[in-house]
Amino acid sequence: MSRSVLQPSQQKLAEKLTILNDRGVGMLTRLYNIKKACGDPKAKPSYLIDKNLESAVKFIVRKFPAVETRNNNQQLAQLQKEKSEILKNLALYYFTFVDVMEFKDHVCELLNTIDVCQVFFDITVNFDLTKNYLDLIITYTTLMILLSRIEERKAIIGLYNYAHEMTHGASDREYPRLGQMIVDYENPLKKMMEEFVPHSKSLSDALISLQMVYPRRNLSADQWRNAQLLSLISAPSTMLNPAQSDTMPCEYLSLDAMEKWIIFGFILCHGILNTDATALNLWKLALQSSSCLSLFRDEVFHIHKAAEDLFVNIRGYNKRINDIRECKEAAVSHAGSMHRERRKFLRSALKELATVLSDQPGLLGPKALFVFMALSFARDEIIWLLRHADNMPKKSADDFIDKHIAELIFYMEELRAHVRKYGPVMQRYYVQYLSGFDAVVLNELVQNLSVCPEDESIIMSSFVNTMTSLSVKQVEDGEVFDFRGMRLDWFRLQAYTSVSKASLGLADHRELGKMMNTIIFHTKMVDSLVEMLVETSDLSIFCFYSRAFEKMFQQCLELPSQSRYSIAFPLLCTHFMSCTHELCPEERHHIGDRSLSLCNMFLDEMAKQARNLITDICTEQCTLSDQLLPKHCAKTISQAVNKKSKKQTGKKGEPEREKPGVESMRKNRLVVTNLDKLHTALSELCFSINYVPNMVVWEHTFTPREYLTSHLEIRFTKYLETLLRQVSNGHIAYFPAMKAFVNLPTENELTFNAEEYSDISEMRSLSELLGPYGMKFLSESLMWHISSQVAELKKLVVENVDVLTQMRTSFDKPDQMAALFKRLSSVDSVLKRMTIIGVILSFRSLAQEALRDVLSYHIPFLVSSIEDFKDHIPRETDMKVAMNVYELSSAAGLPCEIDPALVVALSSQKSENISPEEEYKIACLLMVFVAVSLPTLASNVMSQYSPAIEGHCNNIHCLAKAINQIAAALFTIHKGSIEDRLKEFLALASSSLLKIGQETDKTTTRNRESVYLLLDMIVQESPFLTMDLLESCFPYVLLRNAYHAVYKQSVTSSA
């Protein structure tokens, strides 16, 4: 060993520390998952809860680690039956414990090597070496504590080994050592206190090097404020100067990590607390700052009780126990308020920093250190709050509820976004810094070294050469930088120069260490910005505090001043995958799913809140509008009349009723109406929803705006359902002349004016609000209603299939047609359902026209190109190609000969046990049914045509659109000739209507002329029928006379 001390490079200290630290985190991840699985009845290994194995498990645990299989056949009989399954299913658990034992062996071996080499530790000089050394000790300690918390560890290990012995005739080769380790580490800290006696010197030296760093990081908010910490504008003259420090990596070192080093470190080498005042001060300061530490994720360690329990049995430690109790009182009394004030300070400091950097991103170069310090400070405070809020007594709960935590997280996310966005700016700055300054200074330092061995000289020369070769052109060309080799070489060099009797001792050349630490920070600004963000601001721990996470989100939404920061919570879900480790790949899917579900839930809740606010604003506007109704002016008129007649009514001093619009007269800015509050809340929430266009969570892209659009689509579809329901009830009619739905006079006045919800300006506003995708969703919703009506119509056709089949071929035999018509059932239902379809399609045509108008304003060239494309599609084009063109056109609001949305909706209807030929026949007979039913409309009083509205009050004019579009869709689906089927319809309809011209009953022919006009409307609406064709079926003179009659009747009615 003495020979190896002279050759520190052979000890590979840097490499071993790097590998073991990474492996340690992996082992922690695996143990954590085992502990959680054993604590969950659904995930627990079945053998631990199997009633048949209960006695065997108890026996194994009682005898552990001894193995007795010979004299306990009854208790172990069931185990014999399931031994192969146990070996198979518990192998992962068992060998994880074996891996922990091997990890422990490697750590102990490395710690012994470090002691023998008498390594010098100082966090301010050999930062990487000291940090990795302390991290390894804490990882090792945490691992053994977590192992001791798995209650089923003896049962799992014992069961596996018994099954192994029964199968192979001998215990597993690792079992004796593993079983002994489990027994030895029942009380892990007590065992490790004994184990670390030889390591006390190295460990205490490393901890005491924190004497300047930790107290400086653990200051109060007032001290930060007085020092104007993190402020870029406090000294404008130095704003462009680079932020410098002799201990660059220590400035953003995690406070949480340092406290773990100190607490666990001094527990393991507690003897130094009695002899070194510096060590005692560090220990006390850490004990006063927190009540519990994070072991791993949501596993915590209650500091004071554990430390007191360990020290109480050590002779002469009464003073240390009193120190612990005093510190506990201080932590309970003051730590909560101290951290609360820190968070308050950081909110304003990060806001200022983010605002200045968004305006002047060039400052990210010289002030990068400030950004990572701010992120680290904020991260530490958020984690502290999260940990303590979940593990503190309720009596002091106020200090652990922070309703403004969202604001702090939001400003962290804003700084992270600046770093990602302006990474090239930082690269340009630090590439020039490294080549133009750092390389020169380091070269001078190396030249001035009195002694520099060859190996060290080669490494440092390579540093200088690497930095000198850098240029801004590399950044401009997008070259990928990689300084990991250089950083690892510096880590190795720290190890070489920190052992005793090193030719070049780093302890004697502190300036070299500090300069290299600064250079390493500068290299990270060029090639490791993403890794730096994870190191300083990773909040993936929220993944394991789901309940607290959701509660914070709800508090954020409930507080109007914080709702603008609510986007911070979905953004935090992007952090979650950074907590996974390659040694435990099985948890990636679980954590990924959790991140997706939480992100989805947060965005959905934000969208719901915004939707509700919009609805509340609409309600408020309606209330204000109602104040203008005539009925509300009666009292004002009455008062005016009474005043004129000098009659005194009512009580004296009765306040005068406020007139509509008085809310707009502001005498004071402080007066805030309910509408003001709603608008403010909505604008704040919309700021949050629109803060990022999209975010990627576990390779899934979320678009926050789409959540709001989706909720608005659903809400406005409901509004349409209400509107269209009133239409079908006969309370509202579609007026083609006005291109709007209008209320009809009824006994019970409707609560809303249909025209206000369906005129051109309203429909354009709806299109602007929902956008093309929203309007497409609206169309799909309308088509769903139509398809349900068509399904019912088909049932009615099936009921009358025989009669309709005969009528289809007998249209030229009036007497036979009359007899067959009397046998038809549900004629009125067919016409009513077709009318409803027509009304829905009329509303859709209004929506499509509005969408076309809106898109023509926003993207005129694209719309005109689509229109040109649609208009010039050849007739002989394949129908699939044509439907693709129609789908594109429809999405732009253009009318199409065949409605693609209707085709999709109707083609999704699949009838069981009906062949395609039968389906086609039903479609043909449906058109027959409608055609022969038209004459019955003439007897309806409401079927009168009104020239003023260019339609009928009972909406039967909408039949024209329904007949054409339903026929086009059905015969596209069934690959029939649309033109031939509509010709057949026209022949049947005209024949049926000509028959009522011979009727003498006035009731039957009450509105005969008005119904005649339907034929003209059907042809005018159809791209497949012509007036020449109509003339051949129905004399035009009858249409002319019908128009003359209805216009004459309209004039007479008006007179």
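Good morning. A helix axis, as I use the term here, is a line fitted to C-alpha atoms over the stretch in contact, and the angle between two axes runs from 0 to 180 degrees between their N-to-C directions. The model before you is predicted.

With that in hand, let us take helix α5, residues 83–117, and helix α7, residues 153–168. Their axes come within 9 Å and cross at roughly 130°. On the α5 side, the contact is made by K83, I86, L87, L90, A91, Y93, Y94, F95 and F97. On the α7 side, the residues are R153, I156, I157, L159, Y160, A163, H164, M166, T167 and H168. Sorted by class, this contact has 14 nonpolar, three polar and two charged residues.

I turn now to a second pair. Helix α34 covers residues 801–808 and helix α35 covers residues 814–823; their axes come within 10 Å and cross at roughly 160°. The two helices, α34 and α35, are therefore roughly antiparallel to each other. Here too the crossing is left-handed, with α34 passing α35. V803, Q806 and M807 of α34 meet M817, L820, F821 and R823 of α35. This contact of α34 with α35 has five nonpolar residues, one polar and one charged.

Helix α24, residues 510–527, has 18 residues and reaches 26 Å from its first C-alpha to its last, close to the 26 Å expected at 1.5 Å a residue. How many of the residues of α24 are buried? The count is 15 of 18, and the helix is mostly covered.

Finally, some points of backbone geometry. Most residues other than glycine have a negative phi, and most peptide bonds are trans. Against that background, the peptide bond from F64 to P65 is cis, with omega near 5°. P65 sits in the loop between α3 (54–63) and α4 (73–81).

K501, which is not a glycine, has a positive phi of about 65°. Its place is in the loop between α23 (484–498) and α24. Is K501 buried or exposed? K501 counts as exposed because its relative accessibility is 76%.

E950 likewise has a positive phi, near 60°. This residue lies in the loop between β7 (945–946) and β8 (951–952). With 42% relative accessibility, E950 counts as partly exposed. Thank you.

Definitions and conventions: Residues numbered from 1 in each chain as written. Predicted model: local features only at pLDDT ≥ 70, side-chain atom pairs only at ≥ 80, totals over all residues. Heavy atoms only, no water. Helix = DSSP H or I, 4+ residues; strand = E, 2+ residues; numbered from the N terminus. Parallel < 35°, antiparallel > 145°, perpendicular 65-115°, else oblique. Left-handed = near helix turned anticlockwise from the far one by under 90°. Contact = heavy atoms within 4.5 Å. Nonpolar A, V, L, I, M, F, W, Y, C, P; charged D, E, K, R; others polar. Expected span 1.5 Å × (residues − 1). Buried < 20%, exposed > 50% of the residue type's maximum accessible area, 1.4 Å probe, protein only.
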